[in-house]
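Visitor: I have a structure open and would like to go through some side-chain contacts. Can we take them one at a time?

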Amino acid sequence: MEIIERGAGAPLVLVPGVQGRWEYLRPAVDALADRFRVLTFSLAGERRSGRYDPARGFDGLADQVEAVLDSRGIASTIVCGVSFGGLVALRFASNRASRTRALVL
């Protein structure tokens, strides 16, 4: 999975919407990077995102958020989901509360 990282400060994982591609969030990534360490990615199933197991549903997508944190050695983060990404962020936060500093939908 390709992970995009911009900025410095408190970590914030930005989960894209139903189109799945992080590139559609580029303006938001750039703006948020002024105050946060922004990490984002394309949702599973998109090019360069890795495999997606449809049987896992939102759990599989929430696993991507956890993989981002694990790859960067981040214990907890602010999770921000845009549109459909909000459902992914909510699933991550509900199942991994200890790794969630805040949830923004």
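Visitor: Which side chain does R56 meet in a salt bridge?
Guide: This is a predicted model. In it, R56 pairs with D63, at 2.5 Å from N to O.

Visitor: What else does D63 meet in a salt bridge?
Guide: R96, with 2.7 Å between N and O. That pair links distant parts of the chain, 33 residues apart: D63 sits in helix α2 and R96 in the loop between α3 and β5.

Visitor: And R96, buried or exposed?
Guide: Buried, with a relative accessible area of 14%. The cut-off for buried is under 20%, so R96 falls within that class.

Visitor: How many salt bridges does a search of the whole structure find?
Guide: Nine. One of them joins E5 and R37, whose closest N and O atoms are 2.6 Å apart. E5 belongs to strand β1 (residues 3-6) and R37 to strand β3 (residues 37-41), so this bridge ties together parts that are 32 residues apart in sequence.

Visitor: What is the relative accessible area of E5, and of R37?
Guide: It is 30% for E5 and 23% for R37. Each is classed as partly exposed.

Visitor: Change of topic. How many aromatic pairs turn up in the whole structure?
Guide: One. F58 and F84 form a tilted pair, with 5.4 Å between centres and 35° between the planes.

Visitor: Why tilted, and not stacked or edge-to-face?
Guide: Stacked needs planes under 30 degrees apart and edge-to-face over 60, so 35° leaves tilted.

Visitor: Where do F58 and F84 lie?
Guide: F58 is in helix α2 (residues 57-72) and F84 in helix α3 (residues 84-95), so the pair ties together parts 26 residues apart in sequence. F58 is partly exposed at 29%, and F84 is partly exposed at 24%.

Visitor: What about phi of S83?
Guide: Phi there is near 55°, a positive value in a residue other than glycine. Most residues other than glycine have a negative phi. S83 lies in the loop between β4 (77-81) and α3, and is exposed, at 63% relative accessibility.

Visitor: Last one. Which residues form the nonpolar patch on the surface?
Guide: L90, L103 and L105, with about 280 Å² of accessible area together. L103 is in strand β5 (residues 100-104) and is partly exposed, at 34%.

How values were computed:
Residues numbered from 1 in each chain as written. Predicted model: local features only at pLDDT ≥ 70, side-chain atom pairs only at ≥ 80, totals over all residues. Heavy atoms only, no water. Phe/Tyr/Trp six-rings, centres within 6.5 Å; stacked < 30°, edge-to-face > 60°. Helix = DSSP H or I, 4+ residues; strand = E, 2+ residues; numbered from the N terminus. Buried < 20%, exposed > 50% of the residue type's maximum accessible area, 1.4 Å probe, protein only. Patch = residues over 30% accessible without salt bridge, like charges linked within 9 Å, V, L, I, M, F, W, Y side chains within 5 Å. Areas by Shrake-Rupley, 256 points an atom, 1.4 Å probe, with all protein chains shown as cover. Salt bridge = Lys/Arg side-chain N within 4 Å of Asp/Glu carboxyl O.
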